[in-house]
Amino acid sequence: MQLHDGYKLVVIGDSITDCDRVRPVGEGSANKLGNGYVALLHALLQTEHPATLIRLVNMGVSGNTVRDLKRRWQDDVIQLQPDGVIICIGINDVWRKFDAPWMPEDAVYAEEYEATLRHLVYDTLAWQVDVMLLTPFYVEPNEQDPMRAEMDRYGAIVKQIGAENKIKVIDIQAVMNEMLEHLYPSVIAGDRVHPGTTGHLAIAKAIFKQLIL
């Protein structure tokens, strides 16, 4: 993802991305980008490359799954005419299996997740839009934990789609794992899903390191 002056970068996903961004389009001053990794990425870009004017747009929606992204992709990505898009999705797809198992229709099982994400990536690349993927993650060091194991399975799907399309994938689970070697999960995310400032900064820095300016 080669950024340049005037490059428009849309970031789309669930609550991890949303973080109280403004509606209908999260763009403008830092507070309009929410209070999570998108705003922190904006700050990193401005402090490290102040001469390069990057348009960063937050289109996260809390509670979304990849199924929801598919419904709003045309309006919330393609019609914004971005140069690039970062996709961070999958946590709710998995989480619904565990926090509401009596409502299986709300979860997105692996086959649908893979097919839908692959379709979104393929179509977006066809529009000559750069794509970067973030893996879903769970702030839990025990790889045998059922939700952590399932999240790793979905993360592997993201990596496979990235490899197929020769696009950058950032392993956010690996980013969290590195911090979990020294910090208790609740320090990073009270519910093991929604990071605090430390977790969001780690995500923003991981993305920043992979951008080319």
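Below is a walk through the chain, one selection at a time.

**Before you click**

This is a predicted model, where local features need pLDDT of at least 70 and side-chain atom pairs count only at pLDDT 80 or more, while totals for chains, interfaces and linings use all residues. Residues are numbered from 1 along each chain as its sequence is written, and side-chain values use heavy atoms, with hydrogens and water left out.

**Stop 1: helix H7**

Select residues 172-180, which make up helix H7. (Helices are DSSP runs of H or I with at least four residues, strands are runs of E with at least two, and both are numbered from the N terminus.) Which residues of H7 are buried? Colour Ile 172, Gln 173, Val 175, Met 176, Met 179 and Leu 180; buried means under 20% relative accessible area, exposed means over 50%, and partly exposed is in between, using a 1.4 Å probe and protein chains only. Now look down the axis of H7: the buried residues fall within an arc of 155°, so they line one face of the helix. That arc is taken from the directions from the helix axis to the C-beta atoms.

Next, show what covers those buried residues: the cover includes strand S5 (130-134), helix H6 (146-165), strand S6 (168-170), helix H8 (185-188) and helix H9 (197-210). Cover here goes by contact, meaning heavy atoms within 4.5 Å.

**Stop 2: Asp 171**

Go to the start of H7, where a side-chain oxygen of Asp 171 reaches to within 3.2 Å of the backbone nitrogen of Gln 173. Asp 171 also forms a salt bridge with Lys 159, with the closest N and O atoms 2.8 Å apart. A salt bridge here is a side-chain nitrogen of Lys or Arg within 4 Å of a carboxyl oxygen of Asp or Glu. This pair links distant parts of the chain, Asp 171 being in the loop between S6 and H7 and Lys 159 in helix H6, twelve residues apart. Asp 171 is partly exposed at 23% relative accessibility, and Lys 159 is partly exposed at 39%.

**Stop 3**

Pick out Glu 140 and Arg 192, whose side chains meet in one of them at 2.5 Å, N to O. Glu 140 sits in the loop between S5 and H6 and Arg 192 in the loop between H8 and H9, so the pair ties together parts 52 residues apart in sequence. Is Glu 140 buried or exposed? Glu 140 is buried, at 11% relative accessible area, while Arg 192 is partly exposed at 29%.

For a local example, select Arg 71 and Asp 68, which meet in a salt bridge at 2.8 Å, N to O. Both lie in helix H3 (residues 66-76), three residues apart, about one turn of the helix. An α-helix has 3.6 residues a turn, so residues three or four places apart point the same way. Arg 71 is exposed, with 62% relative accessible area.

**Stop 4: helix H4 and Lys 97**

Move to helix H4, residues 91-99. H4 is mostly covered, with seven of its nine residues buried: Ile 91, Asn 92, Asp 93, Val 94, Trp 95, Arg 96 and Lys 97. Their cover includes helix H1 (15-18), H3, helix H5 (110-126) and H6.

Zoom in on Lys 97, buried at 17% relative accessibility. Leaving aside neighbours within four places in sequence, Lys 97 is in contact with Ala 107, Val 108, Tyr 109, Ala 110, Glu 150 and Tyr 154.

**Stop 5**

Most residues other than glycine have a negative phi, and most peptide bonds are trans. Select Arg 23 and Pro 24, which are joined by a cis peptide bond with omega about 0°. Pro 24 lies in the loop between H1 and strand S2 (26-27). Cys 19 is in the loop between H1 and S2 too; its phi is positive, near 50°, and Cys 19 is buried at 12% relative accessibility. Finish at Gln 81, in the loop between H3 and strand S4 (84-88). Gln 81 has a positive phi of about 55° and is exposed at 66% relative accessibility.

Methods: Polar contact = N/O pair within 3.5 Å; in protein donor to acceptor, adjacent residues only side chain to side chain.
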